[in-house]
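Colleague: I am new to this structure and would be grateful for a close look at a single part of it.

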Amino acid sequence: VKQGVLLYAGKAKQVFSTDDPELLWVYYLDQATALNGKKKVAIDGKGTLNLHISGLLFKELAATGFPTHFVTDMDNQNMLVRRAKMIPLEVVVRNRASGHFVSRFNVTPLRVLDPAIHEFYYKSDALDDPFMNDEQIVALGIAPRATLDTLRTMADQVNTWLTARWARAGIELVDFKLEFGRLADGTLVLADELSPDNMRLIDAQTHASLDKDVFRQDEGPLVPVYAEVLRRLQATQQEV
Ligand code: C5P
C-alpha cells in the first residue's frame with residue numbers, strides 16, 4: 001500500500017489516503033495537546049508509544065469479534081485502517097469521577113459511578129466540542145436514535161473488555177472517549193485510537209495517573225508513563 005495525500009490533520013494524528021480506496025494511512029504525531037489544542041507541545045517518542053498501545057489494544061479487541069477500523073501497524077509511527085465515514089460524536093464513558101465530571105458536579109475525584117455514565121459530545125473545534133443529549137443529536141440530524149442506542153451498547157462492550165484488559169495489567173480504567181464510523185457497507189466500527197491520550201488510567205494499587213493527565217497537570221514527563229503502560233500491556237499479552 002502506498003501513502004497518498006493528507007486528508008485530515010488532527011491534534012495527535014494525521015490521516016492520509018492510500019492507493020487502495022478502502023484504506024487510510026494514519027501517522028501518529030510526536031505531539032501532545034490539551035485544553036482543546038490551546039496547550040500544545042512536541043514530545044519525542046509519544047507517537048510510537050501511542051501507536052503500539054493503540055495497535056495492541058485494537059488487535060486484541062478485534063480478535064474478540066468486535067468491529068474496528070484497525071488493519072495493521074506498519075512501523076513505529078504508521079498504521080493502516082479501513083476507511084470509515086466518521087460520526088461526529090465523541091462517546092465518553094465514565095466508571096469513576098474525574099476531569100470535567102468532577103469540575104461540573106463538584107464530587108470527590110475517583111468516586112465510583114454506578115451505573116457507568118455515557119456522555120456524547122459534538123465534534124466541533126469551532127464550538128469547543130459541546131455536550132449533547134439524545135434529542136439534540138437526533139433533532140439536529142447528527143445520528144438517529146437507533147444509532148445512539150447501538151453506540152451506547154458498543155461503548156459498554158468496549159468498557160467491559162477494556163476494564164478487564166487493563167485490570168490484567170494492574171491498571172484501573174477511570175474513563176475514556178471513543179469515536180465510531182461506518183464502512184462503505186454501512187457497518188459501524190470503532191475508529192480513532194485506544195491510547196492513554198483518550199482514557200484515564202490509574203495504577204490499581206497507588207491510583208497514580210498513567211495517562212495524559214500527567215501532561216494536562218504538568219506532573220512531569222509523559223514518555224516514561226506511556227512506556228510503562230505499554231510495558232505492562234506487553235507483559236500481560238495473550239496470543240491472538
Ligand atoms: O475531559 P473529560 O473529563 O470530559 O474527559 C473524559 C475522558 O474523555 C478522558 O479520558 C479524556 O481523555 C477523554 N477525552 C478525549 N478527547 C476529548 C475529550 C475527552 O479523549 N476531546
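Which residues in α1 meet which residues in α6?

Modeller: This is a predicted model, in which local features need pLDDT of at least 70, side-chain atom pairs count only at pLDDT 80 or more, and totals for chains, interfaces and linings use all residues. Residues are numbered from 1 along each chain as its sequence is written.

K46, L49, N50, H52, I53 and L56 in α1 meet V223, Y226, A227, V229, L230 and L233 in α6; two residues are in contact if their C-beta atoms, placed from the backbone, lie within 7 Å. The residues of this contact comprise nine nonpolar, two polar and one charged. Here Ala, Val, Leu, Ile, Met, Phe, Trp, Tyr, Cys and Pro count as nonpolar, Asp, Glu, Lys and Arg as charged, and the others, Gly among them, as polar.

Helix α1 covers residues 46-63 and helix α6 covers residues 223-235; helices are DSSP runs (H or I, at least four residues), numbered from the N terminus. The axes of α1 and α6 lie 10 Å apart, and the two helices pack at an angle of about 25 degrees. Axes are lines fitted to C-alpha atoms over the stretch in contact, and angles run from 0 to 180 degrees between N-to-C directions. Angles under 35 degrees count as roughly parallel, and α1 and α6 are therefore roughly parallel to each other. Their crossing is left-handed, a term used if the near helix is turned anticlockwise from the far one by less than a right angle.

Key
Angles under 35 degrees count as roughly parallel, over 145 as roughly antiparallel, 65 to 115 as roughly perpendicular and the rest as oblique.
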